[in-house]
Amino acid sequence: MATAQQQGREIIQSQPVVQPKQQQQFALLPKIINGGIAGIIGVTCVFPLDLVKTRLQNQQIGPNGERMYTSMFDCFRKTYAAEGYFGMYRGSGVNILLITPEKAIKLTANDYFRHKLTNKDGKLPMSCQMLAGGLAGAFQIIVTTPMELLKIQMQDAGRVAAAAKLAGKTVEKVSATQLATQLFKEKGIFGLYKGIGATGLRDVTFSVIYFPLFATLNNLGPRRDDGSGEAVFWCSFLAGLAAGSTAALAVNPFDVVKTRLQAIKKADGEKEFKGISDCITKTLKHEGPTAFFKGGLCRMIVIAPLFGIAQTVYYLGVAEGLLAVQKK
C-alpha cells in the first residue's frame, strides 16, 4: 500500500503543468499598413465635404453682413458650378499622400499605448484609455500639421480667387509643391509647422474623446465567430461613426481656430491672426460664439464616415491577409 507521501506525489504529478501566461506580442507592421490603407480609402470618400468645411470655416462675415456661402449646400453648389468635379478634390493629392503616415501613426500609436497601459489583469481603466488616445493625437501632429497646412491652401484657393475676381483682381495659382518649397526656403522646416499649437490642441482633445468612446461602443456589439474576439465589421463601422461625429463636434471650435491660423492667403478685408488667443478674441468680437461652430455639421459628416471606414478597414486586418500573417 502506498504511503500518504507517495500518494501526494502521484496527485501532484498527475495535474497538468500551468504555464505562465505570455504577454501578447504587438504586431507593428500590419497595423501601420492597415492604418495607411484605412486613411486612403476614408479620405477619398469624404474629401469634397472636407473642402466645403474648410471654406466655410475660413469665410469671414463682411462689414455689412455679406458672405460668399450661406450654408454647406450653397458652398457645395457654388464650388461645383465654378470648379467642376475635380475642383472638389483640390488639395486631395497632398492629403492622400500624407494621410497614410498620419492615420498609421494615429491608429497604431493608440493601439500601442493601450497595449502598454493594460494592467496584468488585462483591464484598461478609462483614464489610461484617455491617456493612450491623447498620446496618439500628440504623435500624429508631426505629420498632420504640414499636411493640413498645405491642404487648406489648396482647398481655400477657389474661395480666395472668387473673392478676388469680384474685386477685379486675380490670384496666382500655386501648387502644393511650390508652396512647400517656398515656405521651406523662407522659414526652413518650421515654415511647414505654422499653426502646430492649434493643431495639437484639436488633435489631442479629439483623440482623448474619440478612442475611449469608440472602444466602449465597439465592445458592446457582437463578436466574430473566428475566435479573434473582434467585433463584427458593421459594429466597428457604427462605433466609428458615432464616436467620430461626437468628437468632431466637441473640438470644432479648435478646428476653426486651426484652419484660420493656417490660411496663408486671405480674401481682401479678412482679418489676420497672430496666434490662438488673438484668433479666439477677434472671432468672438466680430462674429460671435457661433462662428466657432462654422462647418460643424459638415465636419461631423466628414469625420463620421472617415473614421467609420478607417476603423472598419483597420480591424478587418487587410494587411494580415496581404502579409499572410495571423491576426492577433
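A: Let us begin with a definition: a residue is buried under 20% relative accessible area, exposed over 50%, and partly exposed in between (1.4 Å probe, protein chains only). This is a predicted model, in which local features need pLDDT of at least 70 and side-chain atom pairs count only at pLDDT 80 or more, while totals for chains, interfaces and linings use all residues. Residues are numbered from 1 along each chain as its sequence is written, and side-chain values use heavy atoms, with hydrogens and water left out.

Q: What share of the residues in the chain is buried?

A: Of the 328 residues in the chain, 47% are buried. The chain also exposes about 17,200 Å², with carbon and sulfur atoms supplying 64% of that area. Accessible areas come from the Shrake-Rupley method with a 1.4 Å probe; for residues, only the protein chains shown count as cover.

Q: How many helices and strands are there in the chain?

A: Helices (H or I, at least four residues) and strands (E, at least two) are DSSP runs, numbered from the N terminus. Here the chain has twelve helices and zero strands, giving the pattern α-α-α-α-α-α-α-α-α-α-α-α along the sequence.

Q: What span should helix α4 have at 1.5 Å a residue?

A: The expected span is 1.5 Å times one less than the number of residues in the helix. For the 26 residues of helix α4 (residues 92-117) that should be 38 Å, and the end C-alpha atoms are 36 Å apart, which agrees. Helix α8 (residues 233-250) is another case: its 18 residues reach 26 Å from first C-alpha to last, close to the 26 Å expected. The buried residues of α8 include C235, S236, A239, G240, A243 and G244.

Q: Where in α4 does a kink lie?

A: The bend at a residue is the angle between axes fitted to the seven residues ending there and the seven starting there. In α4, a kink of about 40° lies at I99, shortly before the proline P101.

Q: Which residues is D156 in contact with, leaving aside its neighbours within four places in sequence?

A: Contact means heavy atoms within 4.5 Å. With those neighbours left aside, D156 is in contact with T54, R55, N58 and K265. D156 sits in helix α5 (residues 126-166) and is buried, at a relative accessible area of 2%. The C-alpha atoms of D156 and L56 are separated by 9.3 Å, although the two residues are 100 apart along the chain. Beyond its neighbours within four places, N58 is in contact with residues including I152, D156, R159 and E270. For the chain, among contacts between residues at least 6 apart in sequence, 79% join residues at least 24 apart.

Q: What joins the side chains of D156 and R159?

A: A polar contact is a pair of N or O atoms within 3.5 Å; within protein, one must be able to donate a hydrogen and the other to accept it, and residues adjacent in sequence count only if both atoms are side-chain atoms. The side chains of D156 and R159 are joined by one of 2.7 Å.

Q: How many salt bridges does the structure hold?

A: A salt bridge is a side-chain nitrogen of Lys or Arg within 4 Å of a carboxyl oxygen of Asp or Glu. The structure holds 17. One of them pairs E148 with K151 (3.1 Å, N to O). Both residues lie in helix α5, three residues apart, so about one helical turn separates them. E148 is buried at 6% relative accessible area, and K151 is buried at 3%.

Q: Which residues are linked in a network of salt bridges?

A: The network links D50, K53, E148, K151, R202, D203, D255, K258 and R299. Within it, the side chains of D203 and R202 meet at 2.8 Å, N to O. D203 is buried at 4%, and R202 is buried at 5%.

Q: Is K282 buried or partly exposed?

A: K282 counts as partly exposed, because its relative accessibility is 27%. Its salt-bridge partner D278, 3.4 Å away from N to O, is buried at 19%. K282 and D278 lie four residues apart in helix α10 (residues 276-287), about one turn of the helix.
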